[in-house]
Structures are given as C-alpha cells and as structure tokens.
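Try each task before reading its solution.

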Amino acid sequence: MSDAFTVLWTHDTCRALRRAGRVGERPPVAYSGVHTSLPSWSGARVGDEVYALHVNRREVFVVSRMRVLDRERRDCCGTAPATWNDPAFPGHDDWSMLGAAGCGAAPVHVDATPVDFETPVPGDLLERLTWRNLRGRTRGLKYVVDGRLERSIGLQGFYRLTPESAGELARVVDATDRPAVEQR
C-alpha cells in the first residue's frame, strides 16, 4: 500500500517557479537532501504521493501532487558534476529551484499535477489534517485559528499523512480543474 506525504515549498521556491514560468507545467523531478535546508524524502517509496504545500497569507495551498517514480540519477539528470562549481543536475536546470543545489541533493523523479497556486486547503480540513510517524503516533497541525495557519512550523519538513488525511487532500486536488495524476 502506498503512503502520502507533505512537503512545504518556501516562498523563495514558489517565487522562483513563478519567475521561471513553471506555473501550469508538470515538474518531472524534485530533490531530497541531507540537510535541513532541503527536506529528506527518505521515507518515500516508488508509488507514494507527495503533496507540495505553500503557505501564503496564512492560507495553505496544494501546489502540486507528485507520485514518486524513482529515486535514481538517470540520463535525463545530465552528467554528474566533476567539481563543486559544476551544476548538480544540468538535465533538470528548468526545475533546479526545487532543490538541485541543496546540500546532498538527490533527484526524485515524479509524475505530477501542474504547478498552480490556486488550490487552497479548506480551513476545516486544515484543522483535521493528521500525520503519523513510523511508530504510529499521530499529530495534528498546531497554530490553526479559524481555519487559517498562524505559523507554518508544523509543515516544515517531509511528513507522512494518515490515510484519512491523504484521502481528503486527494479529494481537494481532484476537485480542481487541473488534471489529476494518473491513478495506477
């Protein structure tokens, strides 16, 4: 059975996506890292879904839903850097803002919905979302007041959703006009 996760994309990342004209396009890759500057996707396996979230003016948006295809460096990534000054993934320069330059960045190839900033997570759902750790303990999101997120600290990282919350987020994405990730 596949799992679902959330990852928070920062204002800088989202601003870079907009500036590069990536809104409406499907990211083929995201990046995992070994440092807190780039969330580690260590728990994600092939077939898992990852919801990229963004917080803007205390409202949470689903920017893209990504299904993990693999976590390997492929030919599409380009030549591995020979020196520290070389680009890490020259084949994916168009999507480098998703973390290609992060400490220990590793590619995660994905099948994703188009990037957009128009899919809000409803406030009542925000209050119900839950995540679970590997020991089975669950937690909700702190700092939700009247359906709005006062502090985003609880979203910063890479976290496994409970199956119920994953289903609810999937319904939010599926209800939008953009095509959903193909179900397998």
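**Exercise 1.** Is Phe158 buried or exposed?

*Solution.* Phe158 has a relative accessibility of 14%. Buried means under 20%, so Phe158 counts as buried. Keep in mind that this is a predicted model.

**Exercise 2.** Work out what kind of aromatic pair Tyr31 and Phe89 form, and which parts of the chain the pair ties together.

*Solution.* Let's start with how such pairs are described. A pair of aromatic rings is described by the distance of the centres and the angle of the planes.

- Step 1: the count comes to 3 aromatic pairs. One of them is Tyr31 with Phe89, at 5.0 Å centre to centre, and rings pair if their centres lie within 6.5 Å.
- Step 2: the angle between the planes is 40°. Under 30 degrees would be stacked and over 60 edge-to-face, so this pair is tilted.
- Step 3: Tyr31 belongs to strand β2 (residues 29-32), while Phe89 is in the loop between β4 (59-70) and β5 (106-112), so the pair ties together parts that are 58 residues apart in sequence.
- Step 4: check the surroundings. Tyr31 is buried, with 2% relative accessible area, and Phe89 is buried at 4%.

**Exercise 3.** Now do the pair of Trp41 and Phe158: what kind of pair is it, and where do its residues lie?

*Solution.* 

- Step 1: the ring centres are 5.0 Å apart and the planes meet at 25°, so the pair is stacked.
- Step 2: Trp41 sits in the loop between β2 and β3 (49-56), and Phe158 in strand β10 (residues 158-160). The two are 117 residues apart, so the pair links distant parts of the chain.
- Step 3: Trp41 is buried, at a relative accessible area of 2%.
- Step 4: look for a further partner. Ring pairs join Phe5, Trp41 and Phe158 into a cluster.

**Exercise 4.** Which rings have the charged end of Arg18 or Arg139 sitting over them?

*Solution.* For Arg18, go to Phe117: the charged end sits over that ring, 3.8 Å from its centre. For Arg139, the ring is that of Tyr159, and the charged end is 4.6 Å from its centre.

Technical notes: Residues are numbered from 1 along each chain as its sequence is written. This is a predicted model: local features need pLDDT of at least 70, side-chain atom pairs count only at pLDDT 80 or more; totals for chains, interfaces and linings use all residues. Side-chain values use heavy atoms; hydrogens and water are left out. Rings of Phe, Tyr and Trp (its six-membered ring) pair if their centres lie within 6.5 Å; planes under 30 degrees apart count as stacked, over 60 as edge-to-face and the rest as tilted. Helices (H or I, at least four residues) and strands (E, at least two) are DSSP runs, numbered from the N terminus. Buried means under 20% relative accessible area, exposed over 50%, partly exposed in between (1.4 Å probe, protein chains only). A charge sits over a ring if NZ of Lys or CZ of Arg is within 6 Å of the ring centre and within 35 degrees of the ring normal.
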